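The sequence and model come first, and the explanation follows.

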Amino acid sequence: MNEQSLEPLRRHPEGRALRAEVDLRRIVRNFARMQEAVSGRGIWGVVKANAYGHGAVPVGRALAEAGASGLAVSSLEEGLELRHGGVACPILVLGGLRPEAVPAASAEGLAIAVVGPEHLADYARLLPAHPLNLHLKLDTGMGRFGFLPSELGNCLAELRALSPWIEGAMGHFATADDPDQGFALRQRRLFESCLAQLRDAGIHPRQRHHGNSDACLRGLLGDDTHVRPGLALYGLTLVPEGRTLGLEPALELVAEVARVKTVPAGTTVGYGRTFVAPHPLQIATLACGYADGYRRDLGNRAVVGFRERTFPVVGRVSMDYLTVALPVEVPAAPGDPMVLFSGNPAAPHSLERLAATLGTIPYELTCGLHRRITRRFFT
Ligand SMILES: Cc1ncc(COP(=O)(O)O)c(C=O)c1O
């Protein structure tokens, strides 16, 4: 998908023309690269938060067809969205589940992470009638969900009673992207010792998974049977190993020029008049703003791609619009597509570069893409 290959944008009925172009072929290729990187371990493809903004159902279907062991989501609602969208593979709800939601999860064949000791008695009561697979979450150092190693000992009897349903044990790295692997290795050792405790109590989860994308890319997998990458499947990465592996960003954000006009030197643009035209230039207004997930603080700091070049976003980004400055000689007209997030990782408007400009991570930019943006999928 390059800027030249973009088809003319279909106008939204109300005249908005903004869409996320999601190349599912790239996601499938990223999946295959990750399969190689993890030496054939099973992959739970993480598709929570609307597949990191890419579109949960189409991405989930593509990953399931590509051979994912299952898909991981954060809530019951996200799991149901996939099921109702025709995704038949195993689905794991990472964020735990209130006991009253167990019958619904069981009816839809969802698996759940058990995030602490609080509901063990309820699960034991409910599961005989409403069976579902459980993945015990062990807090090896993330400090949010999961059994602390110190409290596991007190729960072993209750867990043994649930063992027919315990399919997996899992943890989550806090620092897998950190070049200093000290803490990650400590988490791994804690995970192994928790697994040994479970084994000694007669609890044998068939699946063990502690690794997110960066752990997969950095070889922090021990003898885990499965992994849970998210970001890497979308072709985004925080570590150099991801680029070496050839991950391809799957999403481009494209907006159509809504209006273009030539303004004289001295013209100010947008709220707060933060941009003053230094000489005559064209101002192209695009129907994309912070309500769509294009961050306000990218105004005067980002560029967009157009006609094989890049041009600056000038003035403040407003709720529904942003403005781009073009030299007067560059031909531009309403309807012309401009690329706001590029699928080329080396481009100055790639998600990784824009995230770095903002001092954030690419996750935040893709997850922030509003559902009102049309998603178009390439297969
Ligand atoms: C529990 C859990 N597992 C796996 C992932 C995937 O992480 P990443 O996108 O860094 O691969 C996440 C993401 O936040 C997560 O919360």
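Salt bridges link Arg-26, Arg-29, Arg-33 and Glu-248 into a network in this predicted model. Arg-33 belongs to helix 1 (residues 24-37), while Glu-248 sits in the loop between helix 10 (240-244) and strand 10, so the pair ties together parts that are 215 residues apart in sequence. The two partners fall in separate accessibility classes: Arg-33 is partly exposed at 24% relative accessibility, and Glu-248 is buried at 17%. The cut-off for buried is under 20% relative accessible area, so the value of 17% places Glu-248 in that class.

The count of salt bridges comes to 19. Another of them joins the side chains of Arg-372 and Asp-292, at 2.6 Å from N to O. Here Arg-372 is in the loop between helix 12 (362-367) and strand 18 (374-378), and Asp-292 is in the loop between strand 13 and strand 14 (303-306); the pair therefore ties together parts that are 80 residues apart in sequence. Asp-292 is buried, with 1% relative accessible area, whereas Arg-372 is partly exposed at 34%.

The loop between strand 13 and strand 14 also holds Arg-295, and the partner of this residue, Glu-364, lies in helix 12, so this pair ties together parts that are 69 residues apart in sequence. The N-to-O distance in the salt bridge between Arg-295 and Glu-364 is 3.4 Å. Arg-295 is partly exposed at 23% relative accessibility, and Glu-364 is partly exposed as well, at 43%.

The strands come next. In general, the strands of a sheet pair through backbone hydrogen bonds, in either a parallel or an antiparallel sense. In this model, 8 strands form an open sheet with parallel pairing, in the order 8-7-6-5-4-3-2-9. Which strands stand at the edges? They are strand 8 (207-209) and strand 9 (226-227); each has a single partner strand, so one side of each is left without a neighbour in the sheet. Inside that order, strand 2 (residues 42-46) pairs with strand 3 (residues 70-73) in the parallel sense over 3 bridges. Across this pairing, Trp-44 stands opposite Gly-70 of strand 3.

Strand 10 (residues 251-263) takes part in antiparallel pairing. With strand 1 (residues 18-23), strand 10 pairs in the antiparallel sense over 5 bridges, and Val-22 stands opposite Leu-251 of strand 10. Strand 10 also pairs with strand 17 (residues 337-341), again in the antiparallel sense, over 4 bridges; there the bridge partner of Ala-255 is Met-338 in strand 17. A further antiparallel pairing, over 6 bridges, joins strand 10 to strand 13 (residues 281-286). In this case Thr-262 stands opposite Gln-282 of strand 13.

What of covalent links between cysteines? A disulfide is a covalent bond between the sulfur atoms of two cysteines. A search of the whole structure finds 0 disulfides. Cys-194 is in no disulfide, and the nearest cysteine sulfur, from Cys-155, is 11 Å away. The cut-off for a disulfide is 2.5 Å between sulfur atoms. Cys-194 is buried, with a relative accessible area of 1%. Cys-216 is likewise in no disulfide; the nearest cysteine sulfur belongs to Cys-89 and is 17 Å away. Cys-216 is buried too, at 3% relative accessible area.

The last stop is the ligand. There are 14 residues around the ligand, and Tyr-52, Ser-213, Gly-230, Leu-231 and Tyr-363 come nearest. For Arg-228, a polar side-chain atom lies 2.9 Å from a nitrogen atom of the ligand. On its own the ligand has 400 Å² of accessible area, and the protein covers 92% of this.

Definitions and conventions: Residues numbered from 1 in each chain as written. Predicted model: local features only at pLDDT ≥ 70, side-chain atom pairs only at ≥ 80, totals over all residues. Heavy atoms only, no water. Pairing = 2+ DSSP bridges. Helix = DSSP H or I, 4+ residues; strand = E, 2+ residues; numbered from the N terminus. Buried < 20%, exposed > 50% of the residue type's maximum accessible area, 1.4 Å probe, protein only. Near = heavy atom within 4 Å. Polar contact = N/O pair within 3.5 Å; in protein donor to acceptor, adjacent residues only side chain to side chain. Areas by Shrake-Rupley, 256 points an atom, 1.4 Å probe, with all protein chains shown as cover. Salt bridge = Lys/Arg side-chain N within 4 Å of Asp/Glu carboxyl O.
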